[in-house]
Amino acid sequence: MSTEGSVGRAFAPGHITGFFEIHNDPLPQKRGSTGCGLVLDGGIETTVSECVDMTEIFLDGIPVVAETTRAVVDKLVDFPVKVSCTSSIPIGCGFGASAAGALSVAYALNEAFSLGLTSNQLLETAHVAEVTNGSGMGDVEGQSQGGIPIRLSAGCPPYGKLDRVPSPPFEIFCVVLGELSTGSILEDRTIMNEINSAGREALRSLLSKPTLKNFMLLSKQFTLRCGLASERLLDAIEAVDAIGGLSSQAMLGGTVFAISGAASREEVIGSLKEFGDVITYNVGSCNRLPLDV
């Protein structure tokens with residue numbers, strides 16, 4: 001039942017995947033990916049309210065189709081709503097924007113219309129919308145965590161299981177060089193066989209040494225092996241590595257992401273500037289004690 005005049009707001013963070021392996025299953029709740037990524041302090045903020053005629057979705061003030069977000073709306077409510085999303089992450093470039101839109105609208109609808117759903121129920125709705133629309137396979141699970149989440153088993157709870165690489169907060173530096181079609185890559189059997197083999201090995205290696213540096217090195221190895229990066233993106237990775245930084249490709253997108261490593265933040269930003277505008281995000285941590293402890 002709708003609640004006239006109600007407004008709900010929610011935020012879901014962006015998520016960059018470093019490497020992954022796809023796990024298909026007839027049940028969408030079990031379908032998804034294993035792997036590892038970074039949760040950003042940028043993402044999508046969504047406001048929902050009831051409207052009169054038909055459901056409308058806006059991204060940064062522009063009407064959009066947003067099939068994954070719309071699927072969440074259709075699942076959770078049976079009346080028209082206005083969905084207004086504001087993004088602080090690039091769209092279609094490997095930042096998990098479709099998942100952030102789906103997860104934030106689920107939380108916003110739950111708040112606005114007192115749906116009485118738990119976090120896992122909202123996560124499941126967003127996850128199913130993602131995998132059935134082919135817009136992603138594991139970002140929702142990553143976004144439900146903080147820091148550097150490791151997706152140990154595919155799907156949403158209770159099937160999906162996560163751990164985390166322990167790390168203090170740090171900055172990442174990104175340059176968007178283009179877009180990749182997640183759907184077309186997921187449908188290419190040859191590419192997916194190579195991705196799955198590389199992703200399985202990377203996860204095994206990360207679990208034997210769960211550090212931020214190892215995650216970055218394994219992500220780069222995954223990028224080079226899978227062959228999805230453009231020459232320009234590979235040049236950007238090489239430029240960062242040359243000054244002692246660590247970098248890789250955001251999966252699946254035409255974006256390079258980097259951390260300072262042995263270099264200074266100024267050196268990393270300087271090396272990336274020749275490839276485009278540098279966007280900076282923070283990756284938080286859940287392992288810091290309060291200062292007064």
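Contact here means heavy atoms within 4.5 Å.

## Basis of the model

This is a predicted model, in which local features need pLDDT of at least 70 and side-chain atom pairs count only at pLDDT 80 or more, while totals for chains, interfaces and linings use all residues. Residues are numbered from 1 along each chain as its sequence is written, and side-chain values use heavy atoms, with hydrogens and water left out.

Helices (H or I, at least four residues) and strands (E, at least two) are DSSP runs, numbered from the N terminus. Buried means under 20% relative accessible area, exposed over 50%, and partly exposed in between (1.4 Å probe, protein chains only).

## Helix H3

H3 covers residues 119–133, 15 residues in total. From first C-alpha to last, H3 reaches 21 Å, close to the 21 Å expected at 1.5 Å a residue; the expected span is 1.5 Å times one less than the number of residues. Just after H3, Gly134 takes a positive phi of about 70°.

The buried residues of H3 are Leu122, Leu123, Thr125, Ala126, His127, Ala129, Glu130 and Val131.

## Strand S1 and its partner

Strand S1 (residues 7–23) has 13 of its 17 residues buried, so it is largely enclosed by the rest of the structure. S1 and S2 run antiparallel and are joined by 15 bridges; two strands pair if DSSP finds at least two bridges between them. Within this pairing, Phe11 stands opposite Glu45 in S2.

## Helix H7 and Ser219

Ser219 is found in helix H7 (residues 212–226). With 0% relative accessibility, Ser219 counts as buried. Leaving aside residues up to four places away in sequence, Ser219 touches Gly18, Phe19 and Ser248.

## Aromatic rings

Rings of Phe, Tyr and Trp (its six-membered ring) pair if their centres lie within 6.5 Å; planes under 30 degrees apart count as stacked, over 60 as edge-to-face and the rest as tilted. By this rule the count is six aromatic pairs. Phe20 and Phe222 form a tilted pair, at 5.6 Å centre to centre with 55° between the planes. This pair links distant parts of the chain, with Phe20 in strand S1 and Phe222 in helix H7, 202 residues apart. Both Phe20 and Phe222 are buried. One aromatic cluster is formed by Phe19, Phe20, Phe215, Phe222 and Phe257.

A charge sits over a ring if NZ of Lys or CZ of Arg is within 6 Å of the ring centre and within 35 degrees of the ring normal. Lys82 lies over the face of Phe58, at 5.5 Å from the ring centre.
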